[in-house]
Amino acid sequence: MSNMQYKDATFGGDIQILKRPPFEGIPITLDFTNVTAKDTATGLKVVKAGTPIDEDGVASNDGDAIGILLWDVLEDRPQGTILKKAYIDLAKAEANCGLTIDAAVKAALPMVVFE
């Protein structure tokens with residue numbers, strides 16, 4: 001018989017970076033090797049919604065980005081969703097991830113509209 005363990009965590013709520021429907025996303029596993037930001041509620045490393053992500057699952061605010069992270073992702077469960085087609089609220093995305101999304105990211109993602 002196995003002992004099933006779980007962890008209880010409380011979150012303040014998910015940030016909504018989408019401006020309006022429709023949207024298309026794909027799953028990705030994030031690489032937390034160089035991540036230093038920590039979630040205040042859990043103390044775990046976090047990659048924030050609105051962050052541009054490259055094909056290796058690394059935050060990349062340049063032309064290597066293949067999508068924009070839909071939700072905050074913690075290191076203990078590194079699976080997330082990146083947006084390939086979407087209408088994104090640019091101000092909310094930038095405020096949440098702490099970046100000014102580079103023009104190269106916008107050019108690399110022609111199906112993502114930043115409003």
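Predicted model: local features only at pLDDT ≥ 70, side-chain atom pairs only at ≥ 80, totals over all residues.
**Notebook: E94 and the cores**

I started at E94, which sits in helix α1, residues 90-97.

Is E94 buried or exposed? I found it buried, and without a salt bridge. I looked for a side chain of opposite charge: the nearest belongs to K106, 4.9 Å away.

Next I checked what E94 does meet. A polar atom of its side chain lies 2.8 Å from the backbone nitrogen of I101. Leaving out residues up to four places away in sequence, E94 touches L99, T100 and I101.

Then I stepped back to the whole chain. I counted 2 helices and 7 strands. From the N terminus the order runs β-β-β-β-β-β-α-α-β. Of the 115 residues, 37% count as buried. I also looked at contacts between residues at least 6 apart in sequence: 68% of them join residues at least 24 apart.

On to the cores. The largest nonpolar core has 16 residues, and I68, L83, I88 and F114 have the most contacts inside it. Two or more residues come from each of β4 (65-69), β6 (79-88), α1 and β7 (112-114). β6 gives the most, with 3 residues.

Not counting residues up to four places away in sequence, its contacts include I17, P52, L83, I88, V105 and F114. There is also a second, separate core of 9 residues, with L30, V35, V47 and L69 among them.

Last, the surface: the chain exposes about 7,100 Å², and carbon and sulfur atoms supply 51% of that.

Note on methods. Residues numbered from 1 in each chain as written. Heavy atoms only, no water. Helix = DSSP H or I, 4+ residues; strand = E, 2+ residues; numbered from the N terminus. Buried < 20%, exposed > 50% of the residue type's maximum accessible area, 1.4 Å probe, protein only. Contact = heavy atoms within 4.5 Å. Areas by Shrake-Rupley, 256 points an atom, 1.4 Å probe, with all protein chains shown as cover. Lys, Arg positive; Asp, Glu negative; His and termini not counted. Salt bridge = Lys/Arg side-chain N within 4 Å of Asp/Glu carboxyl O. Polar contact = N/O pair within 3.5 Å; in protein donor to acceptor, adjacent residues only side chain to side chain. Core = buried A, V, L, I, M, F, W, Y, C linked by side-chain atoms within 4.5 Å.
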